[in-house]
Amino acid sequence: TFSWWLYKDDYSKNAHLFQPGQFLFVEARISELGYAKEVEKKRYALKPVNMMYLGDAYHKKCKNVRLKIDISDISSNFSYILKDLIDKVPGNKPLIIEIISLNSDFSCNFYNHEKKIDPEKFIGIWDKTLPAMVSLD
């Protein structure tokens with residue numbers, strides 16, 4: 001949790017977002033105030049560039065979902081499990097499947113342009129189903 005003061009336009013532009021129990025996603029710029037030479041005396045200003053509810057950030061900021069799977073974790077029924085998982089979470093973001101080998105420099109990418117998924121729902125169930133790393137690009 002971070003706290004800072006919002007003044008003038010920053011507050012009036014984002015006041016509608018400040019609701020009890022809501023989490024915010026904040027993109028901000030940090031700038032140095034003054035020209036202090038000693039690190040301990042430097043001061044900084046945080047200026048919000050964009051704010052939104054955290055739940056909306058998945059849909060507004062995520063361009064695609066990347067699923068990284070070690071080749072040794074792929075079993076004979078992997079494709080059936082993955083297809084079932086993709087069918088459960090329809091959405092509007094492409095899925096990139098990257099098969100890697102932790103022991104070598106091998107990697108292979110698969111792009112699914114036809115079936116798109118919902119990143120929030122996918123992340124909610126992926127760890128219960130597949131031993132893989134998921135990242136949002």
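The structure is a predicted model, in which local features were required to have pLDDT of at least 70 and side-chain atom pairs were counted only at pLDDT 80 or more, while totals for chains, interfaces and linings use all residues. Residues are numbered from 1 along each chain as its sequence is written, and side-chain values rest on heavy atoms, with hydrogens and water left out.

Charged pairs were examined next. Side chains of opposite charge can pair when their charged atoms come close. With a salt bridge taken as a side-chain nitrogen of Lys or Arg within 4 Å of a carboxyl oxygen of Asp or Glu, the search of the whole structure returned 7 salt bridges. Helices (H or I, at least four residues) and strands (E, at least two) are DSSP runs, numbered from the N terminus. In helix α3 (residues 78–88), D87 and K83 lie 4 residues apart, about one turn of the helix, and they form a salt bridge whose closest N and O atoms are 2.6 Å apart; D87 is partly exposed, at a relative accessible area of 34%. K88 and D84 also form a salt bridge, at 3.4 Å from N to O. K88 has a relative accessible area of 55% and is therefore exposed, whereas D84 is partly exposed at 41%. These two residues of helix α3 are 4 residues apart, so about one helical turn separates them. Salt bridges that share partners also join K83, D87 and K115 into one network.

A further salt bridge pairs E32 with K42, the closest N and O atoms being 3.9 Å apart. This pair links distant parts of the chain, since E32 belongs to strand β1 (residues 24–33) and K42 to the loop between β1 and β2, 10 residues apart. Both partners are partly exposed, E32 with a relative accessibility of 37% and K42 with one of 26%.

Aromatic contacts were then considered. A pair of aromatic rings is described by the distance of the centres and the angle of the planes. Rings of Phe, Tyr and Trp (its six-membered ring) were paired if their centres lie within 6.5 Å, planes under 30 degrees apart being counted as stacked, over 60 as edge-to-face and the rest as tilted. The structure holds 1 aromatic pair, formed by Y11 and F18, which are stacked at 5.9 Å centre to centre with 10 degrees between the planes. Y11 is partly exposed at 45% relative accessible area, and F18 is likewise partly exposed at 33%.

For cysteines, a disulfide was defined as a pair of cysteine sulfur atoms within 2.5 Å, and by this rule the count is 0 disulfides. C62 is buried, at 4% relative accessibility, whereas C108 is partly exposed, at 28%.

Pockets were located on a 1 Å grid over the protein atoms alone, a pocket being an open set of points where a 1.4 Å probe fits, with protein on both sides within 12 Å along at least five of seven lines, and lining residues having an atom within 4 Å of a point. The second largest pocket is lined by W4, W5, L6, Y7, D10, A45, L46, K47 and P48, and strand β2 (residues 43–53) gives the most to this lining, with 4 residues. By class, the lining has 7 nonpolar, no polar and 2 charged residues, where Ala, Val, Leu, Ile, Met, Phe, Trp, Tyr, Cys and Pro count as nonpolar, Asp, Glu, Lys and Arg as charged, and the others, Gly among them, as polar.

Key
Buried means under 20% relative accessible area, exposed over 50%, partly exposed in between (1.4 Å probe, protein chains only).
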